[in-house]
Structures are given as structure tokens and as C-alpha cells.
Amino acid sequence: MDKLKSFLTSKYILWVILAIPGILLTRNYLSSGISYDQIMHITGELAGRMLIVSLVATPVSLLFPKAKIVGWLMRNRRFFGVAAFAYTLLHTIFYLLEYSLGRIVNEFADIAILTGWIAFFIFIPLAITSTDAAVRRMGPAWKKLQRWVYLAAIMAFAHWALLGLQGEGGSMGAALVHFVPVMLLQVYRVWKQRQPRP
């Protein structure tokens with residue numbers, strides 16, 4: 001029973017669960033089951049939600065330090081961060097496959113698109129260095145690098161919100177609903193960690 005419980009709560013099962021939506025979405029898109037607009041909307045929202053889960057782990061652990069689910073979240077937050085990159089990558093791949101190089105270059109300077117590219121490029125080194133080996137090898141520099149995730153989150157929020165303002169599939173309301181609570185929790189985290197220890 002203990003072995004079964006250990007297996008069901010292992011990182012391998014978590015990886016499978018996190019990957020299933022991407023596999024199903026890709027299959028449906030390639031078989032024309034869903035449209036380009038739908039695949040972009042869903043992969044973008046999945047990327048944002050995975051990022052949110054990874055970002056709220058620490059502040060929630062400060063609010064509820066004894067909760068078991070919070071302990072699980074803290075142990076697995078890196079997996080959600082990598083999943084956020086994976087869905088961002090999928091989102092980007094579908095975008096690149098849909099349009100001509102000329103259009104992609106012309107749109108690059110559009111602030112709604114540029115913020116998405118900035119978030120994507122920040123995610124790359126964060127994902128590459130998300131392994132235990134990278135943590136050991138980089139030492140204190142690893143945490144400094146990982147702090148760039150906050151800029152990536154701001155850029156992702158801006159991308160989502162600005163697309164909504166342009167009527168291009170994003171939503172200002174949805175972006176605010178998803179990211180404002182995260183920002184408030186991060187403010188709480190900073191405040192809490194700066195309090196003198198008893």
C-alpha cells in the first residue's frame with residue numbers, strides 16, 4: 001500500500017498529469033478538432049495557470065505552514081514552473097507554424113506580442129536550470145537567476161491583457177483575475193519575509 005501511495009504521488013505521475021492536456025490538445029489540433037484560435041487560447045491559459053501555481057507556493061506556505069497540500073506544492077513547484085514553460089513553448093510553436101516569417105517579424109514590435117516574446121525568452125534559461133544538478137552546480141546564483149520569473153510573469157500578464165485590449169483573443173478581465181491575486185500574495189511574501197524573527 002505504501003509503495004502504491006508513493007508511486008501515485010511521485011513526480012512521474014505528476015509529469016503525466018501535467019502533460020496530458022498538451023498531448024490531447026495537439027492531437028485535436030492536428031486532426032482539425034479545434035481551431036488555431038482555440039489552441040492558442042487554451043495553451044496560453046494553461047501556461048499562465050501553471051506559472052501561477054509555481055508562484056503562489058511560497059506565499060501560501062507562509063500563510064498555511066502546516067497544511068499537507070502546501071508541503072506537496074512546495075516540493076513540486078519547480079515541476080509546475082517547467083510545465084508553464086512547456087505550454088508557453090507549445091503556444092509559441094503553434095504561432096510560428098500558423099503565420100509567415102514576414103508577418104511574425106512585422107508583429108514582433110507590437111507591444112502585445114513583444115511582451116509575450118520577452119516572457120518566453122526569460123523562461124528558457126529558467127527551464128534549462130530547473131534540474132537538481134543545476135541547483136547544486138550554480139549554488140546561490142541559481143536563486144538569483146530564478147528571480148527573473150517575476151519579470152516573466154509581469155510580461156505574461158501584459159501579453160494576455162494587451163491582446164485582450166486589441167481584441168486578439170486575450171482578455172483584460174481574465175488576466176486581472178488570474179494575476180492580481182498572485183501579485184498580492186507576492187507582496188505578502190516580501191512583507192512576511194522582512195519581518196524580524198521572534
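**Exercise 1.** Find how many aromatic pairs the whole structure holds, then classify the pair Tyr36–Tyr99.

*Solution.* Bear in mind that this is a predicted model.

- Step 1: searching the whole structure gives 14 aromatic pairs.
- Step 2: the ring centres of Tyr36 and Tyr99 are 5.5 Å apart, with their planes at 85 degrees. Planes over 60 degrees apart count as edge-to-face, so this pair is edge-to-face.
- Step 3: Tyr36 sits in helix 3 and Tyr99 in the loop between helix 4 and helix 5 (101-107), so the pair ties together parts 63 residues apart in sequence.
- Step 4: check accessibility. Buried means under 20%, so Tyr36 at 12% counts as buried, while Tyr99 at 21% counts as partly exposed.

**Exercise 2.** Now work out the geometry and setting of the pair Trp160–Phe179.

*Solution.* 

- Step 1: with 6.0 Å from centre to centre and 90 degrees between the planes, this aromatic pair is edge-to-face.
- Step 2: Trp160 belongs to helix 9 and Phe179 to helix 10, 19 residues apart, and the pair links these distant parts of the chain.
- Step 3: Trp160, at 9% relative accessibility, counts as buried, and Phe179, at 2%, also counts as buried.

Notes
Residues are numbered from 1 along each chain as its sequence is written. This is a predicted model: local features need pLDDT of at least 70, side-chain atom pairs count only at pLDDT 80 or more; totals for chains, interfaces and linings use all residues. Side-chain values use heavy atoms; hydrogens and water are left out. Rings of Phe, Tyr and Trp (its six-membered ring) pair if their centres lie within 6.5 Å; planes under 30 degrees apart count as stacked, over 60 as edge-to-face and the rest as tilted. Helices (H or I, at least four residues) and strands (E, at least two) are DSSP runs, numbered from the N terminus. Buried means under 20% relative accessible area, exposed over 50%, partly exposed in between (1.4 Å probe, protein chains only).
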